[in-house]
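Me: I have a structure to read and some terms to sort out. Please tie each term to its definition.

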Amino acid sequence: MSAGTPTGDKPSAHTLVIIPTYNERENIGLIIGRLHAALPATHVLVADDGSPDGTGEIVDKLAADDPDGRIHVLHRTEKNGLGAAYIAGFQWALERDYQVVVEMDADGSHAPEQLHRLLDKIDAGADVVAGSRYVPGGSVVNWPRRREILSRGGNIYSQLALGVKIKDITGGYRAYRRVVLETLDLGAIESAGYCFQIDMGWRALQAGFTMVEVPITFTEREFGESKMSGNIITEAFTKVLGWGMKNRWNKLRALVGKK
Ligand SMILES: Nc1nc2c(ncn2[C@@H]2O[C@H](COP(=O)(O)OP(=O)(O)OP(=O)(O)O)[C@@H](O)[C@H]2O)c(=O)[nH]1
Ligand SMILES: [Mg+2]
């Protein structure tokens, strides 16, 4: 058993990994197989938005064939963005007794073999753990220059606009302690794409939860299509600016009110 294998009554012994999917038939079986090879006791919920390529049905079959009942599927009827799929998955997790909920992409960008790094920090007391490309030891594999500039720029922009020290607040490899999801008003989150991770992180920090980063190796997808679009980037840009300004305004008002 490796150092990172969850045992006993640690929160990580009750982990659900949520994987949102839209047309990931080449990837989904591979990623679930890798996850269970790395951490056999972990449960998975695939939140599929009615993928036309049959991803949902592939997972139905994997679930039926898993004697340990670790694989679950949420069949959603419309493509509504990764954020809405995660919210539905979080609600599903909270109706059951999972203690840790993980976000992971289907496309292999988030290595299941590194999940223990996130879970170890949860077991050590962190509320939210972000897998980070931009802390020492973190890295990105196979990214075109343009993509890296966009990601680094988005993170620097978010740090400045929100005044937070998280180096990779846009990343989508995260672990949440159950209480965080119970506390946040999940129904109020509207962010669809890229912005969803910033939104969740910002809300958790605002609510007073601790967020720590652990280094990860992020590998760009080999199979299937990217869903990144101009709309997603514009949404993030304007929303983050709005949150930062609102926060500073509230602080200023509180300061003036005290005088
Ligand atoms: N359920 C659901 N999942 C989605 C949707 N859009 C994206 N996803 C999934 O969310 C995860 C991340 O999407 P990607 O297309 O990899 O986005 P990305 O990582 O920003 O883009 P790439 O760098 O090109 O991979 C993948 O598992 C997708 O299948 C959606 O509308 N609904
Ligand atoms: Mg991806």
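Reply: Start with two helices: helix 1 and helix 2 cross in a right-handed way. This is a predicted model, in which local features need pLDDT of at least 70, side-chain atom pairs count only at pLDDT 80 or more, and totals for chains, interfaces and linings use all residues. Residues are numbered from 1 along each chain as its sequence is written, and chains are lettered from A and ligands numbered from 1 in the order in which they are written.

Me: What makes the contact of helix 1 with helix 2?

Reply: Ile28, Gly29 and Ile32 of helix 1 and Thr55, Ile58, Val59 and Leu62 of helix 2 make the contact (C-beta atoms, placed from the backbone, within 7 Å). By class, 5 are nonpolar, 2 polar and none charged; Gly counts as polar.

Me: How do you know which residues of helix 1 are buried?

Reply: A buried residue has 20 or more other C-beta atoms within 10 Å of its own, an exposed one 12 or fewer, and a partly exposed one a number in between. Ile28, Ile31, Ile32 and Leu35 are buried. Seen down the helix axis, they fall within an arc of 95°, so they line one face of helix 1. Gly33 and Ala37, on the face turned away, are exposed.

How values were computed: Helices (H or I, at least four residues) and strands (E, at least two) are DSSP runs, numbered from the N terminus. The arc is that of the directions from the helix axis to the C-beta atoms. A crossing is left-handed if the near helix is turned anticlockwise from the far one by less than a right angle, and right-handed if clockwise. Two residues are in contact if their C-beta atoms, placed from the backbone, lie within 7 Å.
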